[in-house]
Amino acid sequence: MESFLMSDVLRGSCGCRLLLLFLALIVSDSRVFAGEPLVFDLWPGKSPGDTKELPPEADLTKPDDKLIAGRRIIKLGNVSTPQISVYRPAPEKDTGAAVVVCPGGGHYILAYDLEGTEVAEWLNSIGVTGIVLKYRVPFRDPEKRWLAATQDAQRAMSLVRSHADEWKIDPQRIGMLGFSAGGETAALATLLESRQYDAIDAADKQPFRPNFAFLIYPGGLTAKDGNTLRDDITVPADAPPMFFVHAFDDRVTVQSSLLLASAVKAAQGSAELHIFATGGHGYGLRPTEEAITRWPVRAGEWIKEQGFLRVPPH
């Protein structure tokens with residue numbers, strides 16, 4: 001179902017309840033939108049800078065962990081082999097756009113379903129190829145917690161562009177979407193003008209920055225005072241358009257979104273910023289009674305308004 005249809009539901013007489021039901025159906029039964037994903041290792045050998053062996057990759061969720069919208073989440077840990085999983089939309093819906101999805105988890109774990117596979121499924125529902133990035137966790141460098149994740153994100157973007165013809169993706173319409181620590185990762189992958197690793201093969205001849213970015217409750221972007229951006233974060237004049245969502249009561253400071261959006265404005269770039277009074281942190285796109293969980297409706301409209309969706313011919 002296209003995003004403009006979701007907006008029609010929102011404006012209807014029973015808009016809120018119907019919309020929550022609609023979004024719940026997308027999340028709970030969205031495998032109808034895509035078959036099994038294509039899975040690719042990011043690196044042909046060891047990832048850059050990796051020297052230590054970790055325990056086996058595993059879901060570290062505990063039985064008493066907090067539920068999100070009444071359901072458990074996958075907390076994937078000990079990721080040593082970063083990968084991308086490519087979820088294609090149904091051919092009749094495919095717009096040729098794609099988005100690399102960066103789950104959050106504080107650079108300790110990945111909220112792999114809540115902020116990964118479920119997001120790819122939503123993207124499929126609006127005709128976008130969803131590419132879930134399983135980046136390395138826990139962080140490798142305590143002084144640069146973001147580095148391994150950002151290297152993986154940059155490599156993922158170049159790798160996706162190298163397969164654009166094969167996957168019927170427009171290389172000029174590939175975005176990135178990140179949550180929390182994944183939002184930091186997506187922001188740095190969008191803003192940094194240099195590759196954070198030495199190019200290793202032909203795939204790295206492809207550009208590593210996305211064409212647009214969704215930053216959903218991003219963290220880690222402020223200096224220690226919490227009131228300024230980190231010194232290493234600047235917005236280049238050619239920064240792509242960005243879409244932000246954050247709650248004012250989020251324990252991960254809303255300043256990350258406010259300050260970066262303001263910096264985009266100062267650089268004469270394009271940004272859309274949604275700040276809600278309440279909503280907290282870590283909701284992904286699972287619908288609840290909180291208004292903030294309806295952000296995918298506006299996000300679907302935004303990506304279309306920006307010209308990154310092109311309705312396929314029927």
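**Phe40**

I started at Phe40 and found this residue in strand β1 (residues 38–41); strands (E, at least two residues) and helices (H or I, at least four) are DSSP runs, numbered from the N terminus. The model is a predicted one, where local features need pLDDT of at least 70, side-chain atom pairs count only at pLDDT 80 or more, and totals for chains, interfaces and linings use all residues. Residues are numbered from 1 along each chain as its sequence is written, and side-chain values use heavy atoms, with hydrogens and water left out.

Next I looked up the contacts of Phe40, meaning heavy atoms within 4.5 Å. Leaving aside neighbours within four places in sequence, I noted Pro82, Gln83, Ile84, Val86, His163 and Trp167. Ile84 is 44 residues from Phe40 along the chain, yet their C-alpha atoms are separated by 5.4 Å.

**Aromatic pairs**

How many aromatic pairs does the structure hold? I got 13. Rings of Phe, Tyr and Trp (its six-membered ring) pair if their centres lie within 6.5 Å; planes under 30 degrees apart count as stacked, over 60 as edge-to-face and the rest as tilted.

I opened Tyr108 and Phe139: their ring centres are 5.4 Å apart and the planes stand at 70°, so this pair is edge-to-face. It links distant parts of the chain, 31 residues apart: Tyr108 sits in the loop between β5 (98–102) and β6 (110–111), Phe139 in the loop between β7 (129–134) and α4 (147–162). Tyr108 is partly exposed at 47% relative accessible area, and Phe139 is partly exposed at 22%.

Then I turned to Phe214 and Phe243, with centres 5.7 Å apart and planes at 65°, so they too are edge-to-face. Phe214 belongs to strand β9 (residues 212–216) and Phe243 to strand β10 (residues 242–247), 29 residues apart. Phe214 is buried at 0% relative accessibility, and Phe243 is buried at 0%.

I also jotted down one aromatic cluster, formed by Trp122, Phe179, Tyr217, Tyr283 and Trp295.

**Ile275**

My last stop was Ile275, in strand β11 (residues 271–276). Ile275 is partly exposed, with a relative accessible area of 32%.

Terms used
Buried means under 20% relative accessible area, exposed over 50%, partly exposed in between (1.4 Å probe, protein chains only).
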